[in-house]
Each structure stands twice: as structure tokens, then as C-alpha cells.
Amino acid sequence: MSCLNSSLPCRGRALVLAASALLAALPALSGGARAQFATAISIPAATAPQCVAAGDWDGDLDEDLAIAIASTERVLFLFNDGHEHFLTPIEVQLGTGTSPASIVASDLDGDGDLDVAVSLLGTDSVRVLLNNGGGTFALGSETSTGADPVVLRAGDFNGGAPDLVTCNRAGNSITVLLNTGSASFTASTLGTGPSPRDVNVGDLNGDGDIDIAVAVHDNRRIELYANGGTGAFVTAGAAFLGGSLQPSGVAVARLDGDDEEDLAVAASGGGLHVVATFINAGPGIGAGAFTGPVSMPVAALDPVRVTDGDFNHDGHPDLATLNQGSGNVSVMLGDGAAHFGSPGLFAVGATPESLLAADVDDNGGVDLLTANEAGDDVSLLLNLNGDTAFVAVPDSGLAGVSGIPTLLGDGTLQGGTSVALHLTGAAINSAAGLVIGTSQVNVPFKGGIVVPDDDALLLLPVSNSGTLELTGTFPAGVPSGTDLYLQYIVADAAAPLGFSLSNAIQGTTP
């Protein structure tokens with residue numbers, strides 16, 4: 001180890017475990033943290049679960065689960081004890097021959113409690129389960145839909161109470177259910193192309209109203225339906241996949257950093273298994289409104305659902321697909337400009353049918369859940385990239401050419417999780433020394449203060465934009481309660497004595 005100044009002495013001792021662990025966790029320059037999920041937790045869910053929803057049913061601020069069970073025609077409600085353990089479920093019977101398929105959570109009657117709506121294949125209808133408060137439910141209204149309502153989504157289509165829409169696979173249609181305000185609905189059905197497999201909602205033309213996108217499998221396209229503002233929809237063109245790709249899932253999300261809603265599509269065909277993106281060129285919703293598709297292999301078989309979420313906690317939308325043929329989930333990290341990296345694969349149960357993104361453990365990370373028909377369970381992939389454990393040390397920087405360089409840290413400092421350091425505002429194309437210590441010593445340096453004890457020093461290049469990004473995986477074995485202090489020393493001709501200092505950050509291992 002070498003030192004930049006005699007006032008920052010080299011002690012010649014072995015690096016402490018935490019400092020060496022952090023150096024091992026930061027082996028290379030990178031643009032963002034990796035997505036990290038724990039091995040899937042299997043939550044028993046009776047026989048043949050079809051879909052899972054999450055919500056705080058009992059008002060204790062923890063995310064509970066509701067699971068549609070086709071074989072026994074009921075909904076199971078599982079209550080989170082605050083530690084991702086789910087207590088003995090209560091169940092609501094839906095009636096003989098109902099065959100529940102898809103489930104969503106929303107406050108349908110406006111009383112402040114989350115209710116549940118379930119699509120029923122056996123009766124071609126949607127049934128409401130009203131939350132009586134405290135997590136007890138009663139059967140509510142039932143509204144007819146088109147044939148085979150395989151997917152159900154919620155959205156506010158007319159500026160009132162939450163509304164619903166179903167994708168009717170055998171009926172070649174969607175059904176829009178407008179809420180009267182008391183969790184009863186008026187329904188209208190619109191024809192689609194053959195074999196629609198999924199439906200999703202969002203403001204696709206930027207007019208403030210929620211529109212509809214439908215994955216039409218046999219016509220190899222995403223059909224678009226524009227909302228006139230009252231919940232009356234008209235056909236408004238399509239986004240075509242072309243070739244042999246047939247869509248099974250569609251998500252609406254802002255993928256490229258602007259305020260317009262884009263499309264992500266799970267599709268297979270011709271030996272390909274991909275997620276495809278269509279970027280909103282705006283304005284409008286019809287032909288030419290979306291550029292694409294850009295297709296990316298999911299490295300798995302038969303992606304049937306797709307969802308978005310910030311899975312690596314870097315502020316950019318990422319994508320996840322549910323791969324029914326290979327029993328896993330693919331996670332592709334985005335850079336905020338609609339570019340996505342190679343997929344990471346995470347195993348789930350047998351024959352997964354539905355995919356949900358939700359923060360089940362309340363750690364600020366987006367978790368993933370799948371309902372697994374053949375596995376008779378729900379898989380919970382806990383995201384280990386939650387809220388950062390790092391905080392800034394006040395008044396610890398020294399200005400250079402662009403002011404005081406800013407250092408931010410992301411990561412929980414749990415073994416096996418991602419850790420990332422982001423330096424901005426440094427002198428371009430300069431050299432920076434990352435000082436890592438396990439105590440705060442506040443040594444005078446070049447007119448500023450170096451906060452960490454110098455247990456380790458890592459020399460690194462600053463980019464031509466004045467940034468420096470480090471990512472890695474924090475190793476296991478660092479004792480709980482270990483403090484880490486980090487700060488950059490940056491070569492900077494504009495600083496008083498040739499060096500600027502970033503602010504320092506501090507984190508403690510849990």
C-alpha cells in the first residue's frame with residue numbers, strides 16, 4: 001500500500017476483515033449494481049395455484065398475499081408476520097365450477113381497505129371480495145365478461161373508483177368493467193384478434209387517460225385501445241412483432257427515461273424466446289407511435305409474463321420475465337435508456353403461471369413472486385438490493401474543479417448482496433484514491449479532512465465525464481456491527497493544493 005501524503009501514514013498492518021472484504025467486493029469498473037435475489041422461498045398454496053396478489057389486508061403495514069386456487073375454487077389469504085413468514089391462511093370459497101384464474105388487489109369500494117377481484121374461467125365473470133377490515137372478506141358483486149377471462153388488471157379509466165379489465169382468451173376479446181363507485185360494475189366487451197393472452201394498462205398517448213394494450217398471440221402483435229376519457233375505448237392500431245414471434249405477456253412501463261409509457265413483451269416462436277421492447281415515439285397511440293421491436297433473448301424457455309421494477313436499486317427500470325418452460329425468472333437490468341443487459345436466471349417452482357413484483361419484506365427492494373400450478377406453491381424471490389446502508393458524513397469534502405465531488409453508496413452490506421459506489425463531479429480523466437477504513441479518524445489532508453482510517457487504499461481512474469462507478473458482491477463473514485468509512489481523494493489541479501476530496505460515507509454491517 002502507498003500513501004498520498006505523509007499526514008496519512010501507512011501502518012504496515014494487515015487489512016482488517018471488513019476493508020479487505022469491501023475491496024474484494026469491488027473488483028471491476030461497472031455501470032450499475034447486479035440484481036441479487038435469495039434462493040426462492042416456497043410458500044405452500046394448496047393444489048394448482050393460478051395467480052398471486054400482494055397487499056396489506058389487515059392494516060399492519062406488511063405485505064400479505066392472496067392466491068387464486070383453481071382446483072378447490074377458493075382464494076387463500078396469507079398474512080405476513082413482518083418477517084416474511086406467512087401465518088395459517090384463511091380462505092374464501094367462490095363456489096362450484098368457478099375456476100379462479102387471475103387476481104388483483106385494489107380499494108374497489110373506497111373505504112380505505114384493499115379489496116380483491118378474481119376472474120373466474122368457469123363462469124366467465126369477475127367476482128369481488130370485499131375487505132371488512134382487519135383482513136376478513138365477504139363475497140361482493142359478480143359481473144359477466146367474455147369467454148375465458150385468463151388475466152385481470154385494475155386501472156382508473158374514467159377518473160373515479162378503480163376499474164377493471166379482463167383478457168378473454170377463448171372469447172377473442174377484452175371486457176372493460178367500469179366501477180360505479182361501490183364495487184359494482186358495468187361491463188362492455190371489445191373484440192380482439194385471435195387468442196389474446198395478456199392485457200395491461202397505462203397512458204400510452206400522453207393525454208392523461210389510461211389506455212389498454214393486449215398481447216394477441218396468434219396475430220403476433222400488441223393491439224392498442226385508446227381511452228376517450230370516459231372509459232369508452234376504441235381500436236387505435238397495433239405494435240407488430242413480425243416474423244414468427246408470438247406474444248404471451250405485455251407490460252407498460254417507462255423504459256427510456258422520458259415521461260412516455262413504453263411496452264415490454266414476452267414472446268416465443270421460431271425457436272426464439274425473448275423479451276421485446278417498443279419505445280413510445282409520441283404523440284398518439286396508433287401506427288408509428290412505437291418504434292421497435294428490439295428483441296433480447298431471455299436465456300430460458302417460453303416466457304409468458306413480463307413485469308418491470310428497479311431490481312438493482314439504481315433508479316432505472318429493469319425487466320423480468322416468467323419462463324414457464326424452464327421454471328425460472330429472467331431478470332434484465334436497464335440503463336435508463338431502454339438498453340438491457342444479459343439475463344440473470346432465478347429458479348422458481350414447477351409450471352409457474354403468474355408473475356408479480358412487490359416489496360414483500362419492506363426493505364426497499366422489489367421482490368418477485370410466482371404462482372406455480374404444478375408445484376402447488378408460491379415462490380418468493382427476496383431482493384437483496386434494498387435501501388442502502390450508507391449515509392453521508394456531513395462537512396467532509398474539499399472542492400475541486402466542479403465543486404465537492406459527490407460519493408453515494410448503494411447496498412445493504414449483507415453477505416452475498418450487491419454493493420455499489422457512485423462518484424460524480426470529480427476532475428475528468430483524473431486519478432482517484434478510494435480510502436477505506438473501519439473507524440473515523442478525521443486526518444488533515446491538503447486543506448481538507450480525510451474521514452476514514454486508511455485500512456485500505458484503492459487507486460482508480462476517473463472517466464471523461466468526471467464519474468467513477470464500482471460494483472460488486474459483498475462477501476459473507478464480516479461481523480455484524482462492523483463500521484465502514486469510505487472517501488475519495490481526487491487529483492485535481494483546480495483544488496487548493498492539487499487534490500479534492502469527496503464527501504465521506506459510512507455504513508454498518510447488519
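F37, F311 and F346 form one aromatic cluster. The structure is a predicted model, in which local features need pLDDT of at least 70 and side-chain atom pairs count only at pLDDT 80 or more, while totals for chains, interfaces and linings use all residues. Residues are numbered from 1 along each chain as its sequence is written, and side-chain values use heavy atoms, with hydrogens and water left out.

**Aromatic pairs**

A pair of aromatic rings is described by the distance of the centres and the angle of the planes. Rings of Phe, Tyr and Trp (its six-membered ring) are paired here if their centres lie within 6.5 Å; planes under 30 degrees apart count as stacked, over 60 as edge-to-face and the rest as tilted. Seven aromatic pairs are found in a search of the whole structure. F37 and F346 make an edge-to-face pair, because their ring centres are 5.0 Å apart and their planes stand at 70°. This pair links distant parts of the chain, 309 residues apart: F37 is in the loop between β1 (28-29) and β2 (41-44), and F346 is in strand β26 (residues 344-347). Strands here are DSSP runs of E with at least two residues, numbered from the N terminus. Both F37 and F346 are buried, a term that means under 20% relative accessible area with a 1.4 Å probe and protein chains only.

The rings of F77 and F137 are stacked, since their centres lie 3.9 Å apart with the planes at 10°. F77 belongs to strand β5 (residues 74-78) and F137 to strand β10 (residues 137-144), so the pair ties together parts 60 residues apart in sequence.

**Buried residues**

| Residue | Relative accessible area |
|---|---|
| F77 | 0% |
| F137 | 13% |
| D454 | 8% |
| H217 | 13% |
| A48 | 12% |
| A338 | 15% |

H217 is placed in the loop between β16 (211-216) and β17 (221-227). Its side chain makes a polar contact of 3.4 Å with the side chain of R197; such a contact is a pair of N or O atoms within 3.5 Å, where within protein one must be able to donate a hydrogen and the other to accept it, and residues adjacent in sequence count only if both atoms are side-chain atoms. Beyond its neighbours within four places in sequence, H217 is in contact (heavy atoms within 4.5 Å) with residues including P194, R197 and Q246. D454 occupies the loop between β35 (448-452) and β36 (456-461). From C-alpha to C-alpha, D454 and H217 are 60 Å apart in space, and 237 residues apart in sequence.

**Backbone features**

The peptide bond from G292 to P293 is cis, with omega near 10°, and P293 lies in strand β22. V294 is also part of strand β22 (residues 290-297). Not counting residues up to four places away in sequence, V294 touches V275, A276 and T277.

A48 is located in the loop between β2 and β3, whereas A338 is in the loop between β25 (328-332) and β26.

Terms used:
Helices (H or I, at least four residues) and strands (E, at least two) are DSSP runs, numbered from the N terminus. Buried means under 20% relative accessible area, exposed over 50%, partly exposed in between (1.4 Å probe, protein chains only).
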